[in-house]
Amino acid sequence: MSAKDQPEKTLSAAPPPRIGVSIAQKLAAAISALMVVSLSLLSGFLVLQARQALLKETTNRGLIIVRNLASYSASDLLVLNPLKLATFVNDAMKNEAMVYAVLADQNGTIQACNDMSRIGQKFLQPDGRPLAMQGLPEGFSVEEAKDPASGRSILAFSAPVEKSGVKLGTAFLALSQSEIQQAVVQFVEYAGALALFFLVAGVLGAVLLSRFIVRPVRRLTQGALAIGGGNLETQIKVRSRDELGILASSFNQMTASLRQAQEELLEKQRIQQELSIAQEIQKALLPKTTPRIPGYQVAAFYQPAKEVGGDYYDFIPLPDGRLAFTVADVSGKGVPGSLGMTMARSVLRAQALSNSLPGDTLRKANEVIQPDIRKGMFVTMFYCVLDPASNRLQCANGGHNPAFVLSEGRGLQAVAPEGMALGMAPQDLFFVEDFELTLEPGSLFVLYTDGVTEAMNSKNEEYGEARFLDSLARHSRQGFDRLTESLVADITAFTQGAPQNDDITLVILRRAGAA
Amino acid sequence: MAAFSVEIKASAFGRQATVFALGGHLDAVTVSQLEGRFKETMEAGQYHWVVDLSQLDYISSAGLGAFIGVLEEVRSHGGDIFFVGLSPKLQKIFQVLGFLRIFRIFAAEEEAVREFGLP
């Protein structure tokens, strides 16, 4: 039985794979990474914005100062009043972030400077990058540059000094950017700390959240592992009404049907086992050899349709040297048929020994069988007693299909005494008649069950009595040894592999002699 | 292969007689359907049965056994089971098995119902 090993095989599967990185961990990592990226981008953007704002503010401040310096110093540059000019420069230098303040004349010569030693020198504004600014007054400039003296980043401003539309010189000044940078650094520190706080809180939240989300998945996994381990009683408790809830409930459904299928399989195996036990019992009850009778040859053939059939045959040697034999068919197959057959066989064996006439044997057998056999079940039985000394064959037919005698002198003759199947009628209704014949030398006596004549081909045609008798007549001329074999070969050739519906049983006697 | 069918109705020739019209394939498997209907009919107190086999394609020994199985109870209530519509082949089967010594068969439903002699 190939199906026998299957359930164990499916249940004792390979050990479950160990979890490497769980979904919860992956989810937490993904959420955290997303938070790091977005917090970094946000902080960077805010720092940039803050720097822009500070730069703008500083630029505006510088522009105001340079414009004031230019406009206040105009009259004094015209008359070259160094003292007054120095006052304006110093006023401008009061601003903390101021790096330098210079007033130069039309030729670029320094007329006033925070560094007095440079007065009289040519003023060279440091090279820088002009700031793109809207609404910058005519002649003004703002550049980002490096202070040549200190190397610090500065914002360099210049504004023309004019009097009545005539350009007299230029006011230069520079504001340090370190203030901006300090503010930015401070801002970055604040933003960083805040980002770190949010990051920690976020990662923690992500871990908790993913655990929460993944919990039903974890339950599903554990349930699946338990089921894979063979515990089909497992029910997964996921109450959520989302996809996971649906998955869990279909999982439970699957487990239930798996369990049912397994139970059915076990039940099927159990039935199969019972059938094969019944089959063995039945096989053991069939004669293992055909009896040796002086002057006679005996052959028997039995082929069950399913594992256990309702047919049986038997040879019962009687104490007086006669041989009783029968071919019978119990209505019903499988275990009930087998039980009926076992019962019929025991009863017939007992009655065969205590009754001389076949009719009496069957009557007595019916008396015993009828009250005990399952309602609706019956046994058809052709029962014969052969006296080899006199070649007399007595028989009685309990509702079975007729026997046939084939002899040289008389040809083919049906032997069909009247009688009822055993087990269906109480004793007062039961009827069976006795019949007697003498077997001539060389004649055949054939008993069979309806499995022979009702054998069907795939077109649902029955083999039939005519075909069987024709086959019998043809093959009877060849040796007896191969007779049953040839008869069965003819049946098989007719059915051509169509499934066998009923048991096929044949018992044939041949009296030695002419022909 | 036609599935088994059974139609149960009161006879047109006597309302107290119950007609079972069987059709299709009556074997060891489908016989349980028939046995179920037998039980229902007996529970309804109907015991005068006419079984019409004219539409039956096949009957196995288990199918025939169903009638044996209920006969005693049907008769113990004063009823009987009569058969009509037997094909020559079925008649032969009935004859060989000895059914003809237990059951009566009739040529037509009307005849069978009349035989019951119901009021």
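Which residues does A:Q351 touch, not counting residues up to four places away in sequence?

Reply: This is a predicted model, so treat every value below as computed from it.

Start with the contacts. Leaving out residues up to four places away in sequence, A:Q351 touches A:T361, A:K364, A:A365 and A:V368. A:Q351 itself sits in helix α6, which covers residues 334-354 of chain A. Its relative accessibility is 14%. The cut-off for buried is under 20%. A:Q351 therefore counts as buried.

A:L199 belongs to helix α4, residues 178-228 of chain A. With neighbours within four places in sequence set aside, A:L199 is in contact with A:S32, A:M35, A:V36 and A:L39. Take A:L39 from that list. A:L199 and A:L39 are 160 residues apart in sequence. In space, their C-alpha atoms are 7.8 Å apart.

Of the contacts in chain A with a separation of 6 or more, 64% join residues 24 or more positions apart.

Next, the cysteines. A disulfide needs two cysteine sulfur atoms within 2.5 Å. A:C384 shows the case in numbers: its nearest cysteine sulfur belongs to A:C395 and is 4.9 Å away, and A:C384 is in no disulfide. A:C384 has 0% relative accessibility, so this cysteine counts as buried. A:C113 is buried too, with a relative accessible area of 2%.

Now the whole chain. Chain A has 10 helices and 16 strands. Of its 515 residues, 45% are buried. Along the principal axes, the C-alpha trace spans about 175 × 45 × 35 Å.

Last, surface and charge. Chain A exposes about 27600 Å². Carbon and sulfur atoms supply 57% of that area. The chain carries 48 positive and 51 negative side chains. The centres of these two sets lie 9 Å apart.

Back to the residue you asked about: A:Q351 is a buried position in helix α6, and its contacts include A:K364 and A:V368.

Note on methods
Residues numbered from 1 in each chain as written. Chains lettered and ligands numbered in written order. Predicted model: local features only at pLDDT ≥ 70, side-chain atom pairs only at ≥ 80, totals over all residues. Heavy atoms only, no water. Buried < 20%, exposed > 50% of the residue type's maximum accessible area, 1.4 Å probe, protein only. Helix = DSSP H or I, 4+ residues; strand = E, 2+ residues; numbered from the N terminus. Contact = heavy atoms within 4.5 Å. Areas by Shrake-Rupley, 256 points an atom, 1.4 Å probe, with all protein chains shown as cover. Lys, Arg positive; Asp, Glu negative; His and termini not counted. Charge placed at Lys NZ, Arg CZ, Asp CG, Glu CD.
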